[in-house]
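Hi,

Here is the model I promised to pass on.

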Amino acid sequence: MSRVGAWVRHPFWQAVLLLILAYLLFKFGIALLPPLLGMHSAPVPTSVVVQYMLIALVGVLIHVSSDETRWRRFKEPIHDTMVDADKRWVRLAVLILVPLLIGWVTYDQTRPKVEAPITLRSIHPAPPSQITFRGKTIQLTGLENPLRHRGSLTEHIETGKRIYYQNCLACHGDRLDGQGHFAHGFSPTPLSFADQGTIAQLTESFVFWRVAKGGPGLPREGAPWSSAMPVWEDYLTEDEIWAVIIYLYEQSGWKPRTWEESTGGGEH
Amino acid sequence: MWRTNLKVLAVALIVIGFYTMVAHVIPQLQSEVPEALALTGDVTPEALAAAGERIYSGAGGCVACHGLGTRAPNLVTDQGGEGTIGARCGSRRPGMDCKSYLYESMTNPGAFVVPGFENIMPDMRRQLADDQIWATIAYLQSLGGEVTVTASDYGTSTEAPTGAAPAAAGPALTATTEPLALLREKGCVGCHAIDGAGPPIGPSFDGMGRRLPADQIRRAILLPNADTAKGYEQFAGTMPQTFGQMLSAAQLEAIVQFLAGRR
Amino acid sequence: MTDVVGLLQAAAQAAADTAGGYGHFPGIGARGAVWIAAEVHLMFAAFVLGVPMFAVICELIGIVGKDEKYDKLSKEFTRLLVFAYSATALWGGLLLFFLTTLYPRFWTHMATIFSRSMWVYAGLFFIESFTLYLYYYGWDRWKVGRAKWGHWGLGLLLNVWGTIVMFIANSWLTYMMSPPSGVTAETLPAEVGLWNAIANATWMPINIHRLIGNAVFGGAICGAYAAFRFLAAKTPEERAHYDWMGYVGNFIAISTFIVLPFAGYWLGREIYEYNQQMGITMMGGFMSWLWIVQAVLIGVLFLAANYYLWTGMGRIPGAERFAPYTKWMLLVLVICWIVWATPHTIIATREELAAMGGSHHPFLNVLGVMSAKNTAVNLMILTTFLSFLIYRRANRRPTVAWARTATIIQTAMFAIAAGVVLFYGVYGYFVEAIVRIGFSVYQVLAVLACIIGVSIIDVFLVRGAESRGEIRWGMMPARSQYALFILAVTFTWLMGLMGFARSGIRQHWHVYEVMRDTSADAATPALGEAANMISLCVLIFLGLVAFIFWLGGLAERAGHKAPVALAVPPQPAAGD
């Protein structure tokens, strides 16, 4: 017990402990804060954690070296490890591991990766007010799914289901969760319709636009060509797309966002 | 002593290196220079709009305010259900069509400030040449509307700048935009009567502005066989379909405006 | 109509402009050459303008307080000036040649407008040089009585000339940034009018900003000189002297640095007033990431300055009683630095972006905005001021009867200032942007009021205070001196960075919205490339400065044969 106490009081181990605590705070602690206020939370990006840790390291070094005695005691374990005969093995391990670690980090930073360069990409870019679908101009603003007022809903769902299984399944998956067979080959990965952040937040006309125009039709802020979504207007008719949209909502259980709610706010 | 010197040097180098590294890690943005445009008379609306887009999102600096945050109205997205700028520009100010509204917004931004925003926009004529402004307007119109910017708008630059090859691959064109001279030179008066005189093979130019709006006149010149005026069915197909190639946009516009003005 | 795309790059036109308007420089290019010449010239100029300010103040303290130590210090500062002066002129000449040969069209424009002020400038430069020579070489001749006051007058004159010279040069570059609104591309340069061009929107803000900045910079470089000599010192006396000199340099640098953000704030506001787009380019657009780099540098500055003070407490008897507080002050500084350096738009990988649902983190987003940053900076300033106060108070025991009450009042002032800063920082999240901007003024006023109020009380409080023991000058660990080097390097780099920001917001204009840059280098470089240039300039400058320091030591040895044994008289008060 006293041994542990001596360790905790020693500046060197205090510094190590502080750094570990800081890391835990930055990596996990910060992400725990927003839920306290009932907000949505997310892990802290690595770039920020690295930045914070650098600052914390500088702070800790300043702390241990601002007092003469503390600084001398802080250096003791380092000095001992590098000099003492009975610490030969520790020394050897440190001298091998530290360069290896630096080498690995350098390698990891510089090796070519498959990942696309980081771009600032908006996931739900603002839709245009109208699009040209196979030469026909379609006004998206205020547009509702025409099939909802025409024919029988069960039939549309059947058509949609058939089209989904013929075309969409490979990427968006059997359970509409974006986990199709090919899904892992893409970046960004296909959207999960089960997630409450996708079609649940969108009007059917927005979904129609995204299906019809696909990845190439994304505006600049959506980083065109990053998405592998094909341009479906080349393969499907207007009604087929509307049918598959009905199927998506029917199967996932979400309700499409309606125009009454969304016309008020052009910006979000 | 040298040990100390080396230590000092090492400290300086590490500090400088660290700052340089920090500056390299963050996103690298280079501020672009606007390309010098030299629009000749016969530019297509698409090319004009494309040039305008480069100015809009690049050196014009428009996106600094329009598009981010709440400093200025967002032009490329739907705002308040009125559609993108091309769709809403025509109805912003009563009595002002889309083109003149946009031109005014860029050259005299204080004249009309969209409610909810502040009068912070500079006069773009200080930054952009006239043809760049018109190209930007063409781009804005193309966002949800129809491009109506034509060569007559940036009339000052219809002639190719000195030093640049005139209208690269275009056919040899006379530069005049004087409508009466053109009507004679292109042989129009050979079929169309003007000032009460001339053969009745095509409809008279007199009062043409009363019968047809400008865009239909333009269409009739470019696609003579699309519609045939009542009473001239027997001569249908007589008019050459090559005026599109024979006239520069400025010349075409000059003729169209001239004819539309004949009431 | 026709399918000929009549869109031509006016390449021939631009080429014609470029042919007559620009020269070529091998290797680094014309812009690189001018950049380096201008930046290094500016760094030397800042040094030779900053140092006379406190050389004169030190001399005055020496005369009034009859303290030989300050006089010696002042002379030593001035010796550095003599060498630095010729370096400034050399680099200035280089800049002039580069501008005339590499940017002739632009130079003609400027010369047409400013010719008369350029002649005055050159004349003043002469007068300033001779004043400096008189000041330095006359030091030992006019040493006593009325002659000493005359000598001090020379020093004052040196400052006057230097300030006018700087104001004139500032008018040229501020004209490039913010030409008067009547001037357009069509205006003939001859018609602009000299005074009209000089008194442009950003002239005065830049003048003030640079005046303060020069003092900061001079202090930092002198601190580095002292550190250099401290480490090289062979006798305890020498070490004691340079330890003290380093302290004074650091004190000047940091105390003036605290005022600098306010001048910067004024400059920024003038830029916004002049042209909103320019302001937005600077703060929110193309340049927005630059401020994160600046935050890193300023964080280093604050920590290094405080670190120097804290290590310095080891040589003050009685300072031990404050030792437990330093770690809490450090914690405040570190937290504030973290807040300040938090970016608003975060760099993240795809997975992280997906998890955050955009490039804004739900919590860090809160720290990335101006409200949080202003609060952090103001708290850092307050903490640094507290460090100074503790340092000052360390070896004194006040004897006045109301000492206890005064200390309580001082503590309350700190608490109130910190409270005001925090309150407006948090309240800023609940109001509109336009209201929030006004809050930063309240925060700044609270901090300034606290600094002034506490200082005044303190002056009276320690009057006639008992000493707990002399400051053991020279008993300073070597690592503290490296903090002074870091300060000097960081200030130099910061100057290069801010110079890039000031010059870069003009973007592709030589003279904003009047004369376009049509050279191949017209695009404003990204930060990485700019950082390379800044680092190169800093290295050149520091290399030359190291040479000057070495010369300084050499001259001294030649002059005295024996190493200077500067007697340090008993010093009851910390140098201030």
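In chain C of this predicted model, Met329(C), Val332(C), Leu333(C), Cys336(C), Trp337(C), Val339(C) and Trp340(C) of α12(C) are in contact with a set of α15(C) residues that includes Ala372(C), Ala376(C), Met380(C), Thr383(C), Ser387(C) and Ile390(C). Contact here means heavy atoms within 4.5 Å. By class, 14 nonpolar, three polar and one charged residues make up the contact of α12(C) with α15(C). For those classes, Ala, Val, Leu, Ile, Met, Phe, Trp, Tyr, Cys and Pro count as nonpolar, Asp, Glu, Lys and Arg as charged, and the others, Gly among them, as polar.

As for geometry, helix α12 (residues 323-340) and helix α15 (residues 370-393) of chain C have axes that come within 9 Å and cross at roughly 155°, so α12(C) is roughly antiparallel to α15(C). Their crossing is left-handed. The conventions, once:

- Helices (H or I, at least four residues) and strands (E, at least two) are DSSP runs, numbered from the N terminus.
- Axes are lines fitted to C-alpha atoms, for helices over the stretch in contact, with angles from 0 to 180 degrees between N-to-C directions.
- Angles under 35 degrees count as roughly parallel, over 145 as roughly antiparallel, 65 to 115 as roughly perpendicular and the rest as oblique.
- A crossing is left-handed if the near helix is turned anticlockwise from the far one by less than a right angle, and right-handed if clockwise.

On the bookkeeping side, residues are numbered from 1 along each chain as its sequence is written, and chains are lettered from A and ligands numbered from 1 in the order in which they are written. Because this is a predicted model, local features need pLDDT of at least 70 and side-chain atom pairs count only at pLDDT 80 or more, while totals for chains, interfaces and linings use all residues; side-chain values use heavy atoms, with hydrogens and water left out.

Two other helix pairs in chain C made my list. Helix α7 (residues 203-232) packs on helix α9 (residues 260-274) at about 155°, with axes 9 Å apart, and α7(C) and α9(C) are therefore roughly antiparallel. That crossing is left-handed too. On the α7(C) side the contact includes Met204(C), His209(C) and Val216(C), and on the α9(C) side Leu260(C), Trp266(C) and Glu270(C). The residues of this contact come to 10 nonpolar, three polar and one charged.

The other pair is helix α8 (residues 236-257) and helix α18 (residues 478-504), at about 40° with their axes 11 Å apart, which makes α8(C) oblique to α18(C). α8(C) passes α18(C) in a left-handed crossing. Among the residues that meet are Asp243(C), Asn250(C) and Phe257(C) from α8(C), and Gln481(C), Leu487(C) and Phe491(C) from α18(C). This contact has six nonpolar, three polar and one charged residues.

Now the core. A nonpolar core is a set of buried Ala, Val, Leu, Ile, Met, Phe, Trp, Tyr and Cys residues joined through side-chain atoms within 4.5 Å, and buried means under 20% relative accessible area, exposed over 50%, partly exposed in between (1.4 Å probe, protein chains only). The largest has 206 residues, and Phe114(C) and Trp493(C) have the most contacts inside it. Its largest share, 19 residues, comes from helix α2 (residues 29-64) of chain C. Another core, of 30 residues, lies apart from it and includes Val207(A), Phe208(A), Val211(A) and Ile241(A). Beyond four places in sequence, Trp493(C) touches Ile16(B), Tyr19(B) and Thr20(B), along with chain C residues including Val293(C), Leu297(C) and Val538(C).

A few single residues are worth a look. Most residues other than glycine have a negative phi. Leu176(A) has a positive phi, near 60°, in the loop between α6 (153-172) and α7 (204-213) of chain A, and is buried at 3% relative accessible area. Lys66(C) also has a positive phi, about 50°, but counts as exposed at 73%; Lys66(C) lies in the loop between α2 and α3 (68-102) of chain C. Trp195(C), in helix α6 (residues 194-198) of chain C, is exposed at 58%.

Finally, chain A has nine helices and two strands, with 35% of its 268 residues buried. Chain B has 10 helices and one strand, with 45% of its 263 residues buried.

Cheers
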